[in-house]
Amino acid sequence: MKWLLTSLLLVMAFISPEVMAESGTISAVTVTDNPDGSKEYSITLQVLAMMTALSFIPAIVMLMTSFTRIIVVLAILRQALGLQQTPNNQLLIGITLFLTFFIMAPVFEEININAVQPYLNEEITSIQAYDIAKIPMREFMLSQTRISDLQTFAEIAGYTQVNGPEDLPMSVIIPSFVTSELKTALQIGFMFFIPFLIIDLVVASVLMAMGMMMLSPMIVSLPFKLMMFVLVDGWTLVMGTLAKSFGLGT
């Protein structure tokens, strides 16, 4: 429940404050009396905006957290092992989701303590909670974003006169962060791919030398790759490398 509240608050943080009700209370449905005695029901724009914002929670989890880097690396690892559907997509998404919660736990905890709980206790207003919630997420994304990517998107958006990255709006930081995450994920995936590629080359060369050209090298190399991955405790190595790539444990 805490993760849902935190995610919802993050979503609402990017809705313009003008959309929110200034009184702090939002009427879900308004009733208008027509001259002929009938009634007309309508949903307020504030409630419609909040219902629409709920659909952005998956996008926030995927594009504003460590989710993107993890899922790309795991997908490359599965391809390097030569396993087409093992682990399957559902299992990869599950692993990625819970590893994302593990990596983002300090950020989510800070948002929960400084924004969610004070707002639920009516100590701060909704707009103040939204402003507080953006700060940890902004700091996390900026810590993982390359300056070159920030400069590229800032120039495209026309933000040339800024004192530093922290002055850029979220509309510039988010695509810069996603671009940096994709590049980092491909770099990590490349490093994981090399050992398995070497095994494939060695097996293919041996089979060619033995004249067994009709036998697929993938079939022969697969058990060797699995054995190597198990012997080096591959899953622990992969998970640890991904966590440390975000600065955990340093």
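## Briefing: a buried lysine, a nonpolar patch and model confidence

K225 lies in helix α9, and with a relative accessible area of 1% this lysine is buried. The structure is a predicted model, with a mean pLDDT of 78 for the protein and 78% of its residues reaching 70 or more.

**Surroundings of K225**
- Leaving aside residues up to four places away in sequence, K225 touches A80, L81, G82, F196, I199, D200 and M218.
- One of these neighbours, A80, has its backbone oxygen 3.1 Å from a polar atom of the K225 side chain.

**Nonpolar surface patch**
- I198, V202, V206, M210, M212, L215 and I219 make a nonpolar surface patch of about 630 Å², to which helix α8 (residues 170-209) gives the most, with 3 residues.
- L215, another member of the patch, lies in the loop between α8 and α9 (217-231), and it counts as partly exposed because its relative accessibility is 31%.

**Confidence along the chain**
- Among the elements of the protein, helix α4 (residues 67-81) has the highest mean pLDDT, 90, whereas helix α1 (residues 2-12) has the lowest, 48.
- Over residues 1-5 the pLDDT is below 50, and beyond near neighbours in sequence this stretch has 8 contacts in the model.
- Over residues 11-26 the pLDDT likewise stays under 50, and the model has 28 contacts for them beyond four places in sequence.
- Where pLDDT is low, the predicted coordinates should not be read in detail.

How values were computed. Residues are numbered from 1 along each chain as its sequence is written. This is a predicted model: local features need pLDDT of at least 70, side-chain atom pairs count only at pLDDT 80 or more; totals for chains, interfaces and linings use all residues. Side-chain values use heavy atoms; hydrogens and water are left out. Patches are made of residues with over 30% relative accessible area and no salt bridge: like charges are joined within 9 Å, nonpolar side chains (Val, Leu, Ile, Met, Phe, Trp, Tyr) within 5 Å. Accessible areas come from the Shrake-Rupley method with a 1.4 Å probe; for residues, only the protein chains shown count as cover. A salt bridge is a side-chain nitrogen of Lys or Arg within 4 Å of a carboxyl oxygen of Asp or Glu. Helices (H or I, at least four residues) and strands (E, at least two) are DSSP runs, numbered from the N terminus. Buried means under 20% relative accessible area, exposed over 50%, partly exposed in between (1.4 Å probe, protein chains only). pLDDT is the predictor's confidence in each residue, from 0 to 100. Contact means heavy atoms within 4.5 Å. A polar contact is a pair of N or O atoms within 3.5 Å; within protein, one must be able to donate a hydrogen and the other to accept it, and residues adjacent in sequence count only if both atoms are side-chain atoms.
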